[in-house]
Amino acid sequence: MSALPYNGDTVFAWMSGSEEVSARPIGAIEVMGHSRVVLLDAFDRHWVAEVGANGQTFEICSGPVTGAQALHAAELVVAGIRDHGSATTLVNTLAIGLVARIYAEQEAAPCPG
């Protein structure tokens, strides 16, 4: 993946319904040739956005998702209650966030030795 036009200090801001949201990136990952950034807001909600090459344009792909929401949705599925794919969406959003965070931490860590 090429250099990203934002860093951990960048603040992304947008409207979600009537709520003004601002969040910072916690990691990035390339998914099917597109740069996706995982954003974390002040309420510990995860959002996934596709960011343009200039870093100024972005589109929210999924969110908001909290760990508690994903866990609850997964518990319902395990209990045999149909959810029509919402648990999958929630868990996938958090999985992208986890992979992106691990990737970013590995990139920032000094090489052992």
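## A walk through the strands, core and aromatic rings

The protein exposes about 7300 Å², and carbon and sulfur atoms supply 57% of that area; the areas come from the Shrake-Rupley method with a 1.4 Å probe, and for residues only the protein chains shown count as cover. This is a predicted model, in which local features need pLDDT of at least 70 and side-chain atom pairs count only at pLDDT 80 or more, while totals for chains, interfaces and linings use all residues. Residues are numbered from 1 along each chain as its sequence is written, and side-chain values use heavy atoms, with hydrogens and water left out.

Let's start with the overall layout. The protein has two helices and five strands, and along the sequence they follow the pattern β-β-β-β-β-α-α. Both kinds of element are DSSP runs numbered from the N terminus: helices are H or I with at least four residues, strands are E with at least two. Of the 113 residues, 28% are buried (buried means under 20% relative accessible area, exposed over 50%, and partly exposed in between, with a 1.4 Å probe and protein chains only). Among contacts between residues at least 6 apart in sequence, 35% join residues at least 24 apart; contact here means heavy atoms within 4.5 Å.

Now step inside. In soluble globular proteins, nonpolar side chains tend to be buried together. Here the largest nonpolar core has eleven residues: Y6, F12, W14, V21, A23, A28, V37, L39, W47, A49 and V51. Such a core is a set of buried Ala, Val, Leu, Ile, Met, Phe, Trp, Tyr and Cys residues joined through side-chain atoms within 4.5 Å. The elements that give two or more residues to this core are β1, β2 (19–31), β3 and β4.

Which residues form the aromatic cluster? They are F12, W14, W47 and F58. Rings of Phe, Tyr and Trp (its six-membered ring) pair if their centres lie within 6.5 Å; planes under 30 degrees apart count as stacked, over 60 as edge-to-face and the rest as tilted. By this rule there are three aromatic pairs. One of them joins F12 and F58 edge-to-face, at 5.2 Å centre to centre with 90° between the planes. Because F12 lies in strand β1 (residues 12–16) and F58 in strand β5 (residues 58–65), this pair ties together parts that are 46 residues apart in sequence. F12 is buried at 3% relative accessible area, whereas F58 is partly exposed at 26%. The rings of W14 and F58 also pair, with centres 5.9 Å apart and planes at 80°, so this pair is edge-to-face too. It links W14 in strand β1 with F58 in strand β5, 44 residues apart, and W14 is buried, at 11% relative accessible area.

T57 is partly exposed, with a relative accessible area of 45%, and touches E50, V51 and G52, not counting residues up to four places away in sequence. T57 and F12 are 45 residues apart in sequence and 9.8 Å apart in space, C-alpha to C-alpha.

The peptide bond from G63 to P64 is cis, with omega near 0°, and P64 sits in strand β5. D44, in the loop between β3 (34–41) and β4 (46–51), has a phi near 55°, a positive value in a residue other than glycine. D44 is exposed, at 53% relative accessibility.
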